[in-house]
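Please keep the sequence and the three-dimensional view at hand while reading.

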Amino acid sequence: MNNYKYFDNVKKNGYFTESPCQFCGTTKNCLDGVFFESSDDISSICLECFDKKKIHVSIPEYIKNRIKNNRDQKVNELQFCPPVPWIQNNDWPVCCDDFMVFIGEWEQEEFCSHSTDGDGLSLLKELLADELKNIVESYDALWADLGYETAAFVFMCPNCGKKVVICQDY
Ligand SMILES: [Zn+2]
Ligand SMILES: [Zn+2]
């Protein structure tokens with residue numbers, strides 16, 4: 001399988017389904033088609049077939065337009081990168097004029113271990129995407145819900161090192 005520019009360690013961070021790949025029939029490393037936001041009815045595709053570019057992820061115009069330089073090349077790369085589950089519209093964050101790299105889903109434990117002083121909740125507050133900061137009603141409730149109804153997807157900019165967290169309700 002490929003190394004994806006915008007998706008770190010797909011073996012570890014990818015979400016795989018048991019349903020066989022509809023192109024070759026394997027059950028190994030199959031991505032759930034529902035996350036491709038594709039107009040075709042995709043149920044499952046293995047990474048091998050995905051790497052052969054049998055289908056691509058749909059990226060809406062407003063997300064493409066976040067990129068200024070070399071947009072076509074970067075969008076093309078993102079279209080052939082596994083989608084992050086439950087990120088609606090494949091709403092991929094941008095930093096330093098490029099898409100950020102998905103580095104995994106974090107629960108409380110990961111926030112605590114990545115913080116300098118063990119205060120994971122403060123780190124979550126700091127990293128949460130700006131548009132989400134405005135709509136969070138209770139950080140304590142959000143924190144308590146991590147890994148249950150709420151997933152926190154973490155993205156990093158390889159250029160400046162900035163991290164952003166996108167929270168999504170299942
Ligand atoms: Zn396949
Ligand atoms: Zn950056």
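Strands β1 and β2 pair in the antiparallel sense over two bridges; strands count as paired if DSSP finds at least two bridges between them. Helices (H or I, at least four residues) and strands (E, at least two) are DSSP runs numbered from the N terminus. Thr17 has Cys30 of β2 as its bridge partner. Both strands belong to an open sheet of three strands in the order β1-β2-β3, with antiparallel pairing. Its edge strands, each pairing on one side only, are β1 (16–17) and β3.

The structure is a predicted model, in which local features need pLDDT of at least 70, side-chain atom pairs count only at pLDDT 80 or more, and totals for chains, interfaces and linings use all residues. Residues are numbered from 1 along each chain as its sequence is written, while chains are lettered from A and ligands numbered from 1 in the order in which they are written. The predictor's confidence in each residue is the pLDDT, which runs from 0 to 100. It averages 92 over the protein chain, and 98% of the residues score at least 70.

Five bridges join β6 to β7, and β7 pairs with β8 over seven bridges. The table lists bridge partners in this sheet.

| Residue | Bridge partner | Strand of the partner |
|---|---|---|
| Val101 | Met156 | β7 |
| Glu105 | Phe153 | β7 |
| Phe153 | Ile166 | β8 |

The hairpin of β7 and β8 has six residues between the strands, and Gly161 in this hairpin takes a positive phi near 85°. Strand β7 is largely enclosed by the rest of the structure, because five of its seven residues are buried. A residue is buried if 20 or more other C-beta atoms lie within 10 Å of its own, exposed if 12 or fewer, and partly exposed in between, with C-beta atoms placed from the backbone.

**The nonpolar core**

A nonpolar core is a set of buried Ala, Val, Leu, Ile, Met, Phe, Trp, Tyr and Cys residues joined through C-beta atoms within 7 Å. The largest one has 33 residues, and those with the most contacts inside it are Ile45, Cys46, Ala152, Phe153, Phe155 and Val165. Elements that give two or more residues to this core include β2 (30–32), β3 (44–46), β7 (150–156) and β8 (163–169). The largest share, five residues, comes from β7. In soluble globular proteins, nonpolar side chains tend to be buried together.

Two residues are in contact if their C-beta atoms, placed from the backbone, lie within 7 Å. Not counting residues up to four places away in sequence, Ile45 touches several residues, among them Cys21, Phe23, Cys30, Leu31, Phe50 and Ile55.

Gly120, Leu123, Leu124 and Leu127 of α6 are buried. Seen down the axis of α6, its buried residues fall within an arc of 100° and so line one face of the helix; the arc is that of the directions from the helix axis to the C-beta atoms. What covers these buried residues includes α5 (108–114), α8 (139–145), β7 and β8.

Lys74 is found in helix α4. Lys74 counts as buried because 21 other C-beta atoms lie within 10 Å. Leaving aside neighbours within four places in sequence, Lys74 is in contact with Ile67, Asp98 and Phe99. Between Lys74 and Gly120 there are 46 residues of separation in sequence and 33 Å in space, C-alpha to C-alpha.

**Two asparagines with positive phi**

Asn9 has a positive phi of about 50° although it is not a glycine. Asn9 lies in the segment before α1 (10–13) and counts as exposed, with 12 C-beta neighbours inside 10 Å. Asn70, also not a glycine, has a positive phi near 50°. The place of Asn70 is the loop between α3 (61–64) and α4 (71–79), and Asn70 is exposed, with 12 other C-beta atoms within 10 Å.
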